[in-house]
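Please look over the sequence and the structure before turning to the points below.

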Amino acid sequence: MAKKHSKHEWKSNTLPALVMVGPVTLLLVFLIAIPLLYVGVMSFCSTDQYYNVVFEFTTANYAKLVSPEYIRIYGQSILIALMTTILCILIGYPFSYIIARTKSKRKQLLYMLVIIPFWTNSLIRIYGWRTFLGTNGWLNTALQFLHVIDEPINFLYNRGTTILGMVYCLIPFMILPLYTAIEKLDGSLLEASSDLGARPVSTFFEVILPMTSSGIFSGSIMVFIPCLGYFFVSNILGGGNSDVIGNLIERQFKSGNNWPLGAALSIILIVITLILVKIYQKAGGDMDSLGV
């Protein structure tokens, strides 16, 4: 009798959970797990003379990834992502601090300034930058009107412009974690530091910065990882002169017609992402702040 009762109780507790979790689990399996598995399998395939995928096991795609040309782009990608992350920290930290410490109604306005860019597609906004920085764009027109320059300057199609576009697209992902971390600061600790005679600079480096390091680390991960794959920014503003790993993947799936090699590059990018997230986790970071 006790066994029947426990079995009935188990069903009554488990069935609602399965009803709630089951559809979401199936959705994740079909939309994430199976496509990732397919990409993983394809990375070990090859192509025939007509660029059709041949499902024959080979490691040639991964062997091609260590060629000097690809290694150069890996290094360039890391450099662009690193510079973008540093600039996002330098720009985003003061802005996040101002938002977090503002007590008036302007706080909501400042916060909305961070959120509003998400309402417009990134691709459209990057095309706006290309128009603004072009030889016939507003910037050159204004500089010529002010007699600062005599002829238009080509601001586009270089690494600096690519980094500018990356910072513009990704800085909200730095500001939001920083804002959360700074808002949690205990004001009494800042008062105690001031009462003990610490200068504002000392208070920042010895109290504020260590206590908000989790926000810096979280924001850095959220900026660094997407920066490696934002191929459209490099295409539009860099003109192919500052490729990132995402450009290699996009090129293989489109003009190169080499899907297995593109899949292998995608797997490498996923591995880099998992390594960085694992490092973040080992450092004691909150996985919820990364959406993991």
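The model is predicted. Three salt bridges are counted in it, and its largest nonpolar core has 53 residues.

**Salt bridges**

- Side chains of opposite charge can pair when their charged atoms come close.
- Lys107 pairs with Glu183 in a salt bridge, with 3.0 Å between the closest N and O atoms. This pair joins distant parts of the chain, since Lys107 belongs to helix α4 (residues 106–115) and Glu183 to helix α7 (residues 159–183), 76 residues apart.
- Lys107 counts as buried because its relative accessibility is 19%, under the 20% limit. Glu183 has a relative accessibility of 39% and counts as partly exposed.
- A salt bridge also links the side chains of Asp243 and Arg251, at 2.7 Å from N to O. Asp243 is buried, with a relative accessible area of 8%, whereas Arg251 is partly exposed at 30%.
- Glu250 and Lys254 form a salt bridge through their side chains, at 3.4 Å from N to O. Here Glu250 is buried, with a relative accessible area of 19%, while Lys254 is exposed, with a relative accessible area of 56%.

**Helix α5**

- Helix α5 covers residues 122–133, which makes 12 residues. At 1.5 Å a residue the helix should span 16 Å, and the 17 Å between its end C-alpha atoms agrees with that expectation.
- The buried residues Ser122, Arg125, Ile126 and Leu133 belong to α5. Viewed down the axis of α5, its buried residues fall within an arc of 100°, so they line one face of the helix.
- An α-helix has 3.6 residues a turn, so residues three or four places apart point the same way.
- Ile124 and Thr131 are exposed, and they sit on the face of α5 turned away from its buried side.
- The cover over the buried residues of α5 includes α6 (138–145), α7 and α11 (231–238).

- In soluble globular proteins, nonpolar side chains tend to be buried together.
- In the largest nonpolar core, the residues with the most contacts inside it are Leu65, Tyr74, Ile126, Met166, Tyr230 and Val233. Helix α7 gives the most to this core, with 11 residues.
- Leaving aside residues up to four places away in sequence, Val233 touches Ile126, Thr162, Gly165, Met166, Cys169 and Gly238.

**Phe231**

- Phe231 lies in helix α11, and with a relative accessible area of 30% it is partly exposed.
- Its contacts, not counting residues up to four places away in sequence, are Val244, Gly246, Asn247 and Glu250. Of these, Glu250 also takes part in the salt bridge with Lys254.
- Phe231 and Leu209 are 22 residues apart in sequence, and their C-alpha atoms are 33 Å apart in space.

Notes
Residues are numbered from 1 along each chain as its sequence is written. This is a predicted model: local features need pLDDT of at least 70, side-chain atom pairs count only at pLDDT 80 or more; totals for chains, interfaces and linings use all residues. Side-chain values use heavy atoms; hydrogens and water are left out. A salt bridge is a side-chain nitrogen of Lys or Arg within 4 Å of a carboxyl oxygen of Asp or Glu. Helices (H or I, at least four residues) and strands (E, at least two) are DSSP runs, numbered from the N terminus. Buried means under 20% relative accessible area, exposed over 50%, partly exposed in between (1.4 Å probe, protein chains only). The expected span of a helix is 1.5 Å times one less than its number of residues. The arc is that of the directions from the helix axis to the C-beta atoms. Contact means heavy atoms within 4.5 Å. A nonpolar core is a set of buried Ala, Val, Leu, Ile, Met, Phe, Trp, Tyr and Cys residues joined through side-chain atoms within 4.5 Å.
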